[in-house]
Amino acid sequence: MSYVTGVGLTPFGKLPGRATLDLMSEAAAAALADAHLERADVDGLLCAYSTTFPHLMLSTTFVEHFGLAPTYAHSLLVGGATGFAMAMLAHTLVEARVARNILVVAGENRLTAQSRDAAVQTLAQVGHSEYEVPLGATIPAYYALVASRYMHEHGITEADLAQLAVLMRRNALAHPGAQFREAITVEDVLASKPIASPLKLLDCCPVSDGGVAFVVGREPTSASRVRILGAGQAHTHQYVSGAPSLTEFGARASVERARSHAGVELSDVRYAAIYDSFTITLTILLEEIGLAPRGEAGARARDGYFDRAGRLPLNTHGGLLSYGHCGAGGAMAHLAEAQLQMTGRAGARQVKDASVVLLHGDGGVLSSHASLVLEAR
Amino acid sequence: MTQGAVLDWTAGGAGIAFQSCRACSHTWYFRRGFCPRCGANPPAEHQASGLGTVHAATLVTRAPSEELRAHAPYLIVLVDADEGFRLMAHGAHDLRIGARVRCRFVPFGDRLIPFFDPA
């Protein structure tokens, strides 16, 4: 048994003057305060990576910088799936009694520390260095290839994808920390700058500065009662050229593992936190997991199904698409928001019922999948 | 089998190389010293015909670097080669999913890359 006892989330966007360790520290301090814990209470530390501070030993660098002395610490890297994979590991370590209070933290000044080209080139390296990157491929291009095939097979239009960008933006309007807080329409998305067809600028998440942390503990240390009920992963390939399929990925298998550990049905889920690096990512994950029928995620978004007051509220902070994406912390913001929803602390964004939450993230090009089921007690 | 004389664009040659397993017949693209399905080694090396079918396509407008911006927009395709493996390449802008294609080699950045035209 483990609990998400505290969360800390910085605003995302342009945060000049703050380096990776600053953003990690800010989020970590907030998470510890939220969990009513002191630094000395932290006996486990899990870190991710930072493309702007690619240190070989980020965890012990943070141990020294932040002032910790854990009995267990290291980094974990599975791209966008890292945040939920760290939560799974923290849960497993707590259950195995390796540690009592595990601080999980990530942050990166991905936007201000480098040029846009540098960010695009760094991220493109998740592709194959000999067979893909030399072709001028980028992360949007890898996902655009997937989009072209998936849309072809399931009759999805660019306007369908745009519905998800509009929804994430509508959600972000209610969060003061979101990077983008101007309403957009489907027409705006369709008219935005082409990046890699069918994806346009507003189909893509931004590059952001930001930091996120949470604490996974053996018992609640504050009024928050959020249990991790189950977790799962699936890993099927790295490169889009080598993916077994461009329409079936590891998401369903990963979620099924998490659900069976948790002993909950998909129909029990009241709030969803789903990775949304691109509108096509969110579309595929929602549909493969079974939260929307094939080809209908956009229609469901349009019809209010995923609204704050809808049947299944989704990424109420605005997701990667509008809250922002600072690397490993990106998906962790989904978890931080979910924990606030589950403890009734989401303010203007509060949903009626977030008693059972499903979280799912992917890294690479839908390569690496990690899922969690949380329950509010 | 064409071992020893295989042209491979990732090594500067005007050709597409692929491998297959001598034990289980599995076929794949990314070069390695063993079969990723059964582990047998060494694999057989082959030269692809350059014929295939478009599986996915995207027109890239936003190039990753100043050097490649001169080439944009360019079409990136995933092609299912007739020999049974999938590869990433460039292609004519009007290629659609399902199109039959044939490969030639064109300069891009600092190298030759595979480029598919309608067959």
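Strand 5 and strand 6 of chain B form a hairpin, with four residues between them. In the turn, B:Gly84 has a positive phi of about 100°. This comes from a predicted model.

One example is B:Leu78, whose bridge partner in strand 6 of chain B is B:Met88.

Strand 6 of chain B also pairs with strand 8 of chain B. This pairing is parallel and has two bridges. Here B:His90 stands opposite B:Phe115, a residue of strand 8 of chain B. Is strand 6 of chain B mostly covered or mostly open? It is mostly covered: five of its six residues are buried.

In a regular strand, side chains alternate between the two faces of the sheet.

| Strand pair in chain B | Sense | Bridges |
|---|---|---|
| Strand 6 and strand 8 | parallel | two bridges |

Now take chain B as a whole. Chain B has one helix and eight strands. From the N terminus on, the order is β-β-β-β-α-β-β-β-β. The radius of gyration of chain B is 15 Å, close to the 14 Å that the globule rule gives for 119 residues, so chain B is as compact as a globular protein of that length. Its C-alpha trace spans about 45 × 30 × 20 Å along the principal axes. Of the 119 residues in chain B, 33% are buried. Among contacts in chain B with a separation of 6 or more, 46% join residues 24 or more positions apart.

Chain B also touches chain A. How many residues does each chain bring to the contact? Chain B brings 29 residues and chain A brings 27 residues. On the chain B side, strand 4 (51-60), strand 5 (74-81), strand 6 (86-91) and strand 8 (111-118) each supply at least two residues. Strand 4 of chain B gives the most, with six residues. By class, the side of chain B that touches chain A has 18 nonpolar, eight polar and three charged residues.

Last comes a helix of chain A. Helix 5 of chain A covers residues 139-154. At 1.5 Å a residue, its 16 residues should span 22 Å, and its end C-alpha atoms are 22 Å apart, which agrees. Helix 5 of chain A is mostly covered, with 13 of its 16 residues buried. Just after this helix, A:Gly155 takes a positive phi of about 65°.

Methods: Residues numbered from 1 in each chain as written. Chains lettered and ligands numbered in written order. Predicted model: local features only at pLDDT ≥ 70, side-chain atom pairs only at ≥ 80, totals over all residues. Contact = placed C-beta atoms within 7 Å. Nonpolar A, V, L, I, M, F, W, Y, C, P; charged D, E, K, R; others polar. Rg over C-alpha atoms; globule rule 2.2 N^0.38 Å. Buried ≥ 20, exposed ≤ 12 C-beta atoms within 10 Å, placed from the backbone. Expected span 1.5 Å × (residues − 1). Pairing = 2+ DSSP bridges.
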